[in-house]
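Hi,

Here is the structure I said I'd pass along.

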Amino acid sequence: MPARPPASVPHRSAPAAARPDGTPSAARGGPVSMTLSRVARLHRVAAGRFLRAAGLYPGQEFVMMHLWDHGPVRQSELIRVLDLDPSTVTKMLQRLEQGGHVRRAPDPADRRAVLVEATDAGCALHAQVAAAWTELEDHSLAALTPDERGELARLLGKVEAGLCRLAPFCPDSQGPGSPGAGPAPEPTAPPADAGATGSSAPGSSEAETGTPGPAADAG
C-alpha cells in the first residue's frame, strides 16, 4: 500500500514583535487602553496595601462604602450596584460576616430576601478606609499638578461615559463604582500563603483575595 503524502501544514507568518515600550503587538491599535489596564492593575495593588491596615481585601471596601452611605440594603441591591455574580457577592459577604463587619438577616418585609447591614465593628472601619483612599489618591496623583488632576478627572469621566454605552450595566450615581468612587473590583489571585482559594472578577468568580493586602492580578 503506497504511503500517504504528508498533510500540508498551513503557512503561518511569524508573530509580530512587541513594541520597544513593551506593548504587545496585538495591542498596537489600543495604546491608551493598554495603559489604562496597566494603571488599573497597579492602582488595585496599591489599594490592597493601604486597605491592609483595615483588615479588608480589595473589593470589600466597595460593599462597606455602600452600606455606610445607605444603611441596611437587600443583598440583591448589592449584587446590582456591584455588578457581580450573586455567588461572588455571597462569598464576599460570607467573609465580611466572618470578620464581624456585616450581618445578614431575613428582610421582615419579605422573608425570601436578605438584608445586609454594617455592624458596629464594620462602621468603625469608615475612618480607616477613608484614610486609605486619601493616601491612595495622594500616591496615585503625586506627579500631577492640581490643574492636571482636574483635567485627568475630566477626561476619565468622558472615557467612562463612552464605555458605559457599551456596558450591559453602568453604575448609577449611588453605586460604589460610580464616578469618583473608584473602579469596580478586578480579577486577583491569592498570594502563595493565602488561606483561602479562588480568584475574582466582575461577573466571574469572586471579588477578593484570600488575604488582605496586595495580590497578583489574574487578568
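Predicted model: local features only at pLDDT ≥ 70, side-chain atom pairs only at ≥ 80, totals over all residues.

Let's start with helix α4, which runs over residues 86-98. Its 13 residues reach 18 Å from the first C-alpha to the last, close to the 18 Å expected at 1.5 Å a residue. The buried residues of α4 are Thr 88, Val 89, Met 92, Leu 93, Arg 95 and Leu 96. Looking down the helix axis, you'll find these buried residues within an arc of 160 degrees, so they line one face of α4. And what sits on the face turned away from that buried side? There you get the exposed residues Pro 86, Ser 87 and Gln 98.

After α4 comes Gly 100, and its phi is positive, near 80 degrees.

The other spot to check is Arg 74, which lies in strand β1 (residues 73-74). Arg 74 has a relative accessibility of 32%, so it counts as partly exposed. Leaving out residues up to four places away in sequence, Arg 74 touches Asp 107, Ala 109, Asp 110, Ala 113, Val 114 and Leu 115. Take Leu 115 from that list: Arg 74 and Leu 115 are 41 residues apart in sequence, yet their C-alpha atoms are 4.3 Å apart in space.

Cheers

Methods. Residues numbered from 1 in each chain as written. Heavy atoms only, no water. Helix = DSSP H or I, 4+ residues; strand = E, 2+ residues; numbered from the N terminus. Buried < 20%, exposed > 50% of the residue type's maximum accessible area, 1.4 Å probe, protein only. Contact = heavy atoms within 4.5 Å. Expected span 1.5 Å × (residues − 1). Arc of directions from axis to C-beta.
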